[in-house]
Amino acid sequence: METFATIVPLVVFIPLGGMIINMIFGRQLGEKGVGAVASVAAASAFGVAALLFFALSRFGYEAAVINPPVLTSWISIPSANIEIPWQFRVDTLSVTMMLVITGVGTLIHIYAIGYMHGDSRFVRFFMYLNLFLAFMLVLVSANNYLMTFVGWEGVGLCSFLLIGFWFDRKRGDGWKNSNAARKAFIVNRVGDFGFLMAIFMTFWTFGTLDYYKPGEPVHAAEAAITETAVAPVAEGGTSGEGGTSSEGGHSTTAYAGPKGIFGQAEDMLREGRTIRFGNTDVPIRVVLTLIVLFLLIGVTGKSAQIPLFIWLPDAMAGPTPVSALIHAATMVTSGLFLMTRSSVFLAAAPAATFVITVVGAGTAIFAGFVALGQWDIKKVLAYSTVSQLGFMVAAVGLGAYSAAYFHLITHAFFKALLFLGSGSVIHAVEHGHEHAHAHGHDEAGAHDPSLAHDDHTAEHALHAIADDIGAHGDPSILHDDATHADAAHAGGQHTATNTPIPETAEHEAVFDAQDMRNMGGLRHRMPITFWTYLIGTLALAGIFPLSGFWSKDEIIGAALRSGFTNGELKGFIAFVLLLLAAFFTAFYMWRQIRYVFLGTARTEAAENAPESVNLMTIPLIVLAGLAILGGLLNIPLGISVGAVVLVVAIFAAVVFLLALRSQRRTISGGMLGFQLLIGVIVVGVAFAFGNSVEGLTLWLEHSVGATMNLGPFNPLLAIIALVVAVGGILLAERIYGRLNPLTRKGRDPLEARADTRPAFALANAKGYTDAIYGALIEQPYNRASKWLADRLDWDFWHNWFHERVIFRGFNNAANFLGEPVDRQGIDRLFLLPSRAIRWASGRLRGLQTGYVRTYTFTMLVGVLLVIFLILFPLLRQLIGG
Amino acid sequence: MGNPSIPIEYFVILSAVLFVMGVLGVLVRRNAIMIFMSVELMLNAANLALVAFSRQWGDVSGHLFVFFVMTVAAAEVAVGLALIVAIFRQKQSIDIDELHQMQG
């Protein structure tokens, strides 16, 4: 296993390599090439993850810690005993995440080739997507909190870049997008503060950040053997005793080597140690509770829980593949991953898990309620995602990690499906809108100048699209498709594909292709999208044979068991709230189906909406298959994962054939087919060798200690859950089905009725969260920053301190030194001799007359004087005698 | 020694008179050539005194000295006249009072 797991760095470096190739050669490759490179990178990462999956199964689920070829000692300060390497941890938990991320990611990459077609920043989009994959895989594969944090921040960055991807759209859309991106980034920074605090406390407490040291066994393995998984503290004790006493001849003797944070935490809990913070000794249990609560703050940011969920609905401003990949399937689940990874801490902090459960369940019901009143097709899905994440967080709080993960995986399938379906719908409605309003122009046909231009820039692209479009037999689609990706939405932001006629742009100013009131009756226009969307809806609502039923049932079962069997308060709360949230889920999803696909078309755009291209519908079909079959992963009837893998393999083969048939001559078709073929071979080979593939719960127990024992399948609970879901759908059908005369500006039936109007208004206004946050945080913050800027910075700092104290003070000092001291004092002193000399020389110069006579006379006088002086003694002798 | 008929005082007085004439000439005349001649007069007055005392004491050093003085005077005349010519070319005049630009 150890040697096999050494391939794990590839899972990070392949997407990174894809990004670098696109960065360097993107312009030369053309759209299809760029898409193919990015998709192949994602699919290859999936292949690596699949190999790791089978290696784990084959070699007895033995977790491995791998040093990558670079940065093996990333932060190393030997004198301070700080050693933080970049290590990969390969265990069932991280491999599960890798499979979800790369699997769903690959499908969304393929979908995005179609969706982003014609965008002016096509290359950049795929670079971001690959970079996101790389960071997400860093996050899940890390072996310490700091590398997890690196991935955590990296995906946050990619999320920011991709939400604001269309920041330059016209008519204020660009501002909306970039504001949404900033909102996501800032709200997440609040959560990151919590995560950082948890990291600091962890380091202070344990002196390391490694989850597990290389070679250290996971206690979960023993927990699985000793069947004491329900009570984690007792489990810690049992395993400790197991080390000292009997437990037999096999390898469960106490591990004596260095331990990571979780092993140390278990030891400390057993010993009842205290940790010194400043002057106080804090019991380890309290420390762990604090760490978990700080982690929870991080999780509420990244996984969009109360109170930090507000960024996720706005994040739908990004391109739809981004919404599907980052904001539904992968990044938002990293909070779940973090808490599951920290399960040892959670198990020791019952108070914190209570908070987690309440936060999760509260989020589930609140977001479910808000989704009832939304008009925007993607906003409904966004609140639905928040709600489902609430389910998962509640499950984690209840200790049912496998249930949370089960729901995470199935949710990744069907929510990605729903988002991609909504993208397909939006795409088609925009399309139909263009078609309806630019009719005469498009009839002119295939030799449109913009088309010709497109032909220049991406030659293969048109071949491929032509293949795809051929089935529709409508030449105008070709043009529409070329202009669509951004032009239809934003009125032509890039010059190559500007909108045909000016009045189209005017119409678009008031047309919102995401508003469900503008849709209706799309069932017949886009059958593939409709059927896959319906499957996703039923899976999300939790209808019997589909995946959502099994996973949601497990979470509600866990709440029931926690409440009624173990007598915990959080179980009761979660059970009631989650059941209600499940009802809301079914209700709002059926409302959406009613609005979008059933009934009659309410706008010309909806009447003319065409089905999307194969590149977009194939991922929908694959995801629909996964949404149907995902339940097999962990259904309580004991069917092994192997069966699922086999089904998926067959499915992949079918898709491969489909792809081969439709895109035989295109690069991406070949690449896609090749990748899928490789996937099938890998799956087949591995299946032949993987002797025992277990269900998800048992599978996760190899890396997560203390997961809740869910007990046998509870038919009564299943029936209750099913009744609730069906009840929600039937109620929605009753309200939205018969009273169908919805018009474009019409009111929701709930809005029309007096008794439900306040509730609808509350949901439509998103529970006034934006208003409340605005009043409580945004405005005080703005006022504070305005005060700081005007009063403190400008008035005090600039005007007073800089202008008066520094500037004028300096001037005064300089003036004083310059005028009285330098000029009056020093200058005068030194000018004095020179003035004296000047004065004296002024007097003396009069002697120099220039007349030779004068000089001669002077000389004569001098000579006479000398003679006189010489002769004077003689004369005196003569006189005096 | 020599002819005692003329006493030394006569020579000295003549020499002094000549010298004073030369000095006055230098001081009062404005013509450069006249000044020059006055200078020559002073030199010759000195020569006369030297020769007179040389004869008085019978010592040829005085004669020797006079020869030197005459040689130097000749050289001085050469230089001086050249200067005067140069001044005349510059000023079209040899009035020494016109050369008083070099004043303070």
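User: What does A:D770 count as, and at what relative accessibility?

Analyst: The general idea is that buried stands for under 20% relative accessible area, exposed for over 50%, and partly exposed for what lies in between, computed with a 1.4 Å probe on protein chains only. A:D770, at 30% relative accessibility, counts as partly exposed. Please keep in mind that this is a predicted model, in which local features need pLDDT of at least 70 and side-chain atom pairs count only at pLDDT 80 or more, while totals for chains, interfaces and linings use all residues. Residues are numbered from 1 along each chain as its sequence is written, chains are lettered from A and ligands numbered from 1 in the order in which they are written, and side-chain values use heavy atoms, with hydrogens and water left out.

User: Which side chain does A:D770 meet in a salt bridge?

Analyst: In general, side chains of opposite charge can pair when their charged atoms come close. The term salt bridge is used here for a side-chain nitrogen of Lys or Arg within 4 Å of a carboxyl oxygen of Asp or Glu. The partner of A:D770 is A:K183, at 3.6 Å from N to O. This pair links distant parts of the chain, for A:D770 sits in helix α34 (residues 769-844) of chain A and A:K183 in helix α5 of chain A, 587 residues apart. Helices are DSSP runs of H or I with at least four residues, strands are runs of E with at least two, and both are numbered from the N terminus.

User: What else forms a salt bridge with A:K183?

Analyst: A:D314 does, with 3.2 Å between the closest N and O atoms. A:D314 belongs to helix α10 (residues 311-314) of chain A and A:K183 to helix α5 of chain A, so this pair ties together parts that are 131 residues apart in sequence. A:D314 is itself partly exposed, with a relative accessible area of 22%. Taken with A:K766, the residues A:K183, A:D314 and A:D770 are linked in a network of salt bridges. Elsewhere, A:R273 forms a salt bridge with A:E271, at 3.4 Å between the closest N and O atoms; here A:R273 is partly exposed at 39%, whereas A:E271, at 52%, counts as exposed. Over all chains, the search of the whole structure finds 20 salt bridges.

User: How many aromatic pairs does a search of the whole structure find?

Analyst: A pair of aromatic rings is described by the distance of the centres and the angle of the planes. Rings of Phe, Tyr and Trp (its six-membered ring) pair if their centres lie within 6.5 Å, and planes under 30 degrees apart count as stacked, over 60 as edge-to-face and the rest as tilted. The search finds 36 such pairs over all chains. One of these joins A:W152 and A:F195 edge-to-face, at 4.8 Å centre to centre and with 65 degrees between the planes. A:W152 is in helix α4 (residues 145-163) and A:F195 in helix α5 (residues 173-206) of chain A, so that the pair links distant parts of the chain, 43 residues apart. Both A:W152 and A:F195 are buried. A:W800 and A:F801, by contrast, form a tilted pair, with 6.3 Å centre to centre and 40 degrees between the planes; A:W800 is partly exposed at 40%, and A:F801 is partly exposed at 25%.

User: Where does the contact between chain A and chain B take its residues from, and how many from each chain?

Analyst: Contact means heavy atoms within 4.5 Å, and chain A and chain B each contribute 11 residues. Buried area is the accessible area (1.4 Å probe) that two parts lose on being put together, summed over both; between chain A and chain B it is about 960 Å², 60% of it on carbon and sulfur atoms. A:G850, A:Y851 and A:R853 supply 46% of the area that chain A buries against chain B, more than any other three residues. The count between these chains is 1 salt bridge, and A:R853 and B:D97 meet in a salt bridge at 2.1 Å, N to O.

User: Which residues of helix α11 of chain A are buried?

Analyst: Helix α11 (residues 320-329) is mostly covered, with 10 of its 10 residues buried, including A:T320, A:L325 and A:H327. The buried residues pack against several helices of chain A, among them α2 (92-115), α3 (122-141) and α16 (401-437).
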